[in-house]
Amino acid sequence: MYFFKTANQLQKLTKKHNLPISGVCLRYEIEFSGKTKNRVISRMAERIKISKDSIKRGLAAKKSLSGMTGGIAKTLQKALPRIKKMYLSKVMYKAMMYAIANNENNACMGRIVAFPTAGAAGVIPGVLIAVQEEYGYRNKEIIKAMFNAAAIGLIIAENATLSAAQGGCQAEIGASSAMAASALTELRKGSPEVCLEAASLALKNTLGLACDPIAGLVEVPCVKRNGIYAAMAMTASDMAVAGVKSIVPFDEVVLAMKNISGIMPSQIRETAQGGLATTETGLKIKNKLASLMKKYEK
Amino acid sequence: MPLSIFDIAGPIMVGPSSSHTAGAVKLGQIARALFHGTPITAEFHLYGSFAEVAKGHATDRALLAGVMKFRTKDLRLKDAFKIAKQKNLKYKFIIEKQNPYSHPNTVKIYLENKERCLETIGSSIGGGNIAVTNINGSEVHFTGQAGKYFSIIVSHENKPEVFSVITPFLTKLGIGIINIQTSLMAENGKVIRIFDLDNKLTLEQVKEMEKLKGIEFVRAMHKVSKS
């Protein structure tokens, strides 16, 4: 009754049952898992709590083993009160900061929710927790926003990929940005159609994004990228809510992402064999870290 | 099978990487479950990208943590080396320069104690998904996902009447079977099956299941130390 795997199907269900995207998604999960509504909701609430803890820990600025990240979110936090003529709004800056904090915690072996993946795990909690702080949304509404985001992620997983090994970063950060943009839009009472416009606008603007992490670690450019794309997700939501439409509907943008995944060379699909990973700096860092492994060598 | 929303919003894991950390924990857990005992020694041979970035991704700690039955989200993963020493588990990591296996994130896990030894080969194929490809020299093919499902590994005689008692046993306990994977073990003629369940079995239930005729062993892959 609540089955969907495309945006088209999801939209039809929202109309048929007069529900927001989150409502259809919640009922989908209840239907297919056979678990109670309370159980499903509490599982999602648990994930929000873990994300909030993760952000707190990330702000505590511990350096990762490689030293490449740790302290970035803290730097942003310290600078916030003194930046003159800031270009981002305060809430956007905080979203950026929290997204980065989450992934700095990840890089230090902290506990996170891989939503949709570990590498892109900062974007959704970054934006949702920032707007909750700034605009006072209740936990109940944030939980719904998470279900909204998950519905978008499900569509991408079913029709393309969420894995950078297959689709590059457009699959991970692209997905998380689209999910965040849609979730933000439902929070402000945007209709399912407007949510999907936001998701389309976000995903479109990550197409072709490479996964070329330095030394193969989930740190550079990943951590800061979560921040930059948290801000972008908010941009897409503002555009959609203002009434701007995506010329290409979401299902087709997802297929475009899939198409590009198929054309994308493996060197920029999480193999660290191209792009940033093979710059002079990138290789220097890689070699430095490789010497850490020397003591194991056969 | 339709995806669960929690396949998207999850797993809950200790970072940094779903393939090199969470997936590695799962591979360690499976090796331990198959071992059917408490290992005294654990030797890990790392191939491909596992060999190159193991330290930065804490793959070494993750594998060891899995062998010690930690869950994917257990924060003690960071302290896996220290905890292994406390448990008198001797461990060794070997970087293999060549990778003869088809997947870039592969590990050969060798566990041993006074009574038995076990070698498993598995790969982390992305996003927390893993595949086990060899058990003690026998080619198998099992897949799994980090942080997902309560699974049991059952080894039993390759007879249909043995298999046919397993499902009713689980159904009577109110446990649903989500998926069954099967591999024939050439060397001893037994069948190994992984049952992905929708709920846990208690230790007593596992022991009861082991008493069924023709069952060699049942290992639960979720019965882990408290975190």
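Visitor: Which side chains of chain A and chain B meet in a salt bridge?
Guide: Glu46(A) and Lys73(B), at 4.0 Å, N to O. A salt bridge here is a side-chain nitrogen of Lys or Arg within 4 Å of a carboxyl oxygen of Asp or Glu. This is a predicted model: local features need pLDDT of at least 70, side-chain atom pairs count only at pLDDT 80 or more, and totals for chains, interfaces and linings use all residues. Side-chain values use heavy atoms, with hydrogens and water left out.

Visitor: How many salt bridges across the interface?
Guide: The rule finds 1 between chain A and chain B.

Visitor: And how many residue pairs in polar contact?
Guide: The count is 12, both residues at pLDDT 80 or more. A polar contact is a pair of N or O atoms within 3.5 Å; within protein, one must be able to donate a hydrogen and the other to accept it, and residues adjacent in sequence count only if both atoms are side-chain atoms.

Visitor: How many residues does the contact take from each chain?
Guide: Chain A gives 47 residues and chain B gives 39, with contact meaning heavy atoms within 4.5 Å.

Visitor: What about strands: which one in chain B pairs with β1(A)?
Guide: β1(B), residues 12-14, pairs with β1(A) in the antiparallel sense over 3 bridges. Strands are DSSP runs (E, at least two residues), numbered from the N terminus, and two of them pair if DSSP finds at least two bridges between them.

Visitor: Which residue stands opposite Ile112(A)?
Guide: Met13(B), in β1(B).

How values were computed
Residues are numbered from 1 along each chain as its sequence is written. Chains are lettered from A and ligands numbered from 1 in the order in which they are written. Helices (H or I, at least four residues) and strands (E, at least two) are DSSP runs, numbered from the N terminus.
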